[in-house]
Amino acid sequence: MTTQPDGKNTQGSDEAQPEMPLIEHLLELRNRLLKMVLAVIICFAAIYPFANELYLLISQPLRDLLPVGQTMIATDITSPFFAPLKLALVLAVFVAIPVILYQLWSFIAPGLYAHEKKLAFPLLFTSVILFYLGAAFAYFVVFPLVFGFFTAIGPEGIVELPDITSYLNFVLKMFFAFGIAFEIPIATILLILTGATTPEDLAEKRPYIVVGCFVIGMLLTPPDIISQTLLAVPMWLLFELGILFGRLARREVKDQDATEVSGE
């Protein structure tokens, strides 16, 4: 893409590029989408042979807490095949996220100015890392606590035999919930840089943000206070981190604008 919106500064390194015809935009978008799909297919082909082992690994936090002699079950005849297949496909998308985001970045980058690229690429890279950190936090910290709570709170005489498909749906939902929640600093910084809000306004709304974090935690996690708190508290801390880095990013943008004005 090389189209520039009207009315922006076009001096120095931010000079406008010649406009690309619409059909070329569409062709480039198609090529980028095909590369994304190809990346997912390649990752899936590499992951699927190990799908059963990966399912055992991802179910380890629950299986470790089950009483001796109890194990997970499949209540549907097709579950032993489709559950690992679904896990392999989702993991393929997870692994291909850097390629997917790179293709998106390559499509929109020519339409950005130099100072926008300077901020956008670190934000893009950081968002990928934060998503993976959110999923890792769910697996290593949240799952043992949540499964420990659910396996201990049941009445006596009840034998727990978790279904493999239900378990997979649960953990995938938690991975996405924590991965998206860990993107809060990026969303906060973008809101500040686009002028939609300011760090001062966000700081004044802190009590509402904290309540909102617990409400989101209640909606996205199982109905227990542990998992709700484990999602809400990191969301609040990441929000504070977003305000801090938002201030720094806004100051850097102002310094760049002042430098450009003084250089004219």
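1. The secondary structure of the protein comes to 10 helices and zero strands, where helices (H or I, at least four residues) and strands (E, at least two) are DSSP runs numbered from the N terminus. The order of elements from the N terminus is α-α-α-α-α-α-α-α-α-α.

2. On provenance: this is a predicted model, in which local features need pLDDT of at least 70 and side-chain atom pairs count only at pLDDT 80 or more, while totals for chains, interfaces and linings use all residues. Residues are numbered from 1 along each chain as its sequence is written, and side-chain values use heavy atoms, with hydrogens and water left out.

3. Of the 264 residues in the protein, 36% are buried; buried means under 20% relative accessible area, exposed over 50%, and partly exposed in between, with a 1.4 Å probe and protein chains only. Among contacts (heavy atoms within 4.5 Å) between residues at least 6 apart in sequence, 81% join residues at least 24 apart.

4. Leu66 sits in the loop between α3 (60-63) and α4. Leu66 counts as buried because its relative accessible area is 9%. Leaving aside residues up to four places away in sequence, Leu66 touches Thr71, Met72, Glu160 and Pro162. Thr151 is 85 residues from Leu66 in sequence, yet the C-alpha to C-alpha separation is 7.2 Å.

5. Asp163 belongs to the loop between α5 (114-153) and α6 (164-181). The side chain of Asp163 does reach the backbone nitrogen of Ser166, at 3.1 Å. Residues touched by Asp163, not counting those up to four places away in sequence, are Met72, Ile73, Ala74 and Thr75.

6. The second largest pocket holds about 320 Å³ of space. A pocket here is an open set of points on a 1 Å grid over the protein atoms alone, where a 1.4 Å probe fits, with protein on both sides within 12 Å along at least five of seven lines; lining residues have an atom within 4 Å of a point. Grid points are joined across faces, edges and corners, and the volume is the space filled by probe spheres set on the points.

7. The lining of this second largest pocket numbers 15 residues, with Leu57, Ile58, Leu91, Tyr139 and Phe175 nearest its centre. At least two lining residues come from each of α2 (51-58), α4 (79-108), α5 and α6. α5 gives the largest share, five residues.

Methods
A polar contact is a pair of N or O atoms within 3.5 Å; within protein, one must be able to donate a hydrogen and the other to accept it, and residues adjacent in sequence count only if both atoms are side-chain atoms.
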